[in-house]
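Visitor: Hi! I have a protein model open and would like to talk it through. Could you help me read it?

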Amino acid sequence: MSISYFILMPLVVLVLAFSYNFIWKVIHEYTHLAALKLIVGKELYSYDINLRPHFLGNDWVSASVSWKARPLTMKEHGLIAIAPHIVEFIACLCFICSGLFLIGDFMRDHFYIFFLWSTFWFGGIIDLLAAANAGDAQSSDLKVFSDCYNIDPQEMKYGSWFFGYLSIIAGFAFIWIIL
């Protein structure tokens with residue numbers, strides 16, 4: 001192997017990590033918006049998605065969505081808050097199942113496709129774990145959802161951590177078993 005492989009490969013991984021972080025930030029905020037549009041419908045007057053780090057109230061957030069619409073019930077507000085985590089739950093399942101691609105010869109011959117697929121879904125797991133780490137902040141999605149549905153915020157936080165780390169362990173174990 002050439003020395004360029006050892007220089008280029010970490011650079012590719014670093015670029016993928018930053019771009020997947022941004023992609024999942026966009027997916028996260030637009031999932032809030034999609035849930036809002038499904039719930040509110042034509043009564044959504046305006047919205048603004050901020051993808052730069054900023055203060056939201058007293059909390060430092062990496063991105064946020066703000067809107068003007070009809071007044072929301074607590075249940076509706078909770079559904080809008082939890083919507084991205086449903087997508088992240090799907091990302092956890094897709095990462096666990098990504099090892100199935102290695103059963104045939106095609107993905108073994110085109111390993112970069114498998115690598116892009118699995119690392120993309122791994123980014124969703126990282127977004128779920130980041131949300132769990134921000135679980136104590138007042139503007140955190142998990143805190144808003146737990147307040148709206150009278151669930152202990154610590155249970156939501158620990159549940160997200162548990163499922164995120166379980167998905168990582170199970171996904172890597174499944175890939176390792178198949179390889």
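Visitor: What share of the contacts in the protein with a separation of 6 or more comes from residues 24 or more positions apart?
Guide: Those residues account for 64% of such contacts. Keep in mind that this is a predicted model.

Visitor: Okay, and how many helices and strands are there?
Guide: The protein has six helices and four strands. Starting at the N terminus, the order is α-β-β-β-β-α-α-α-α-α.

Visitor: What does the C-alpha trace span along its principal axes?
Guide: About 60 × 30 × 30 Å.

Visitor: Let's look at helix α1. How far apart are its end C-alpha atoms?
Guide: They are 56 Å apart. Helix α1 covers residues 3-40, so at 1.5 Å a residue its 38 residues should span 56 Å, and the two values agree.

Visitor: Which residues in α1 are buried?
Guide: Among them are Leu 16, Tyr 20, Trp 24, Leu 33 and Val 40. The list also includes Lys 25 and Glu 29.

Visitor: And what do those buried residues pack against?
Guide: The buried residues of α1 pack against strands β1 (44-50) and β4 (64-69), and against helices α2 (74-97), α4 (111-133) and α5 (141-148).

Visitor: What comes just after α1?
Guide: Gly 41, which has a positive phi of about 70°.

Visitor: New topic: how many side chains are positive and how many negative?
Guide: There are 10 positive and 14 negative ones, and the centres of the two sets lie 7 Å apart.

How values were computed:
Residues numbered from 1 in each chain as written. Predicted model: local features only at pLDDT ≥ 70, side-chain atom pairs only at ≥ 80, totals over all residues. Heavy atoms only, no water. Helix = DSSP H or I, 4+ residues; strand = E, 2+ residues; numbered from the N terminus. Contact = heavy atoms within 4.5 Å. Lys, Arg positive; Asp, Glu negative; His and termini not counted. Charge placed at Lys NZ, Arg CZ, Asp CG, Glu CD. Expected span 1.5 Å × (residues − 1). Buried < 20%, exposed > 50% of the residue type's maximum accessible area, 1.4 Å probe, protein only.
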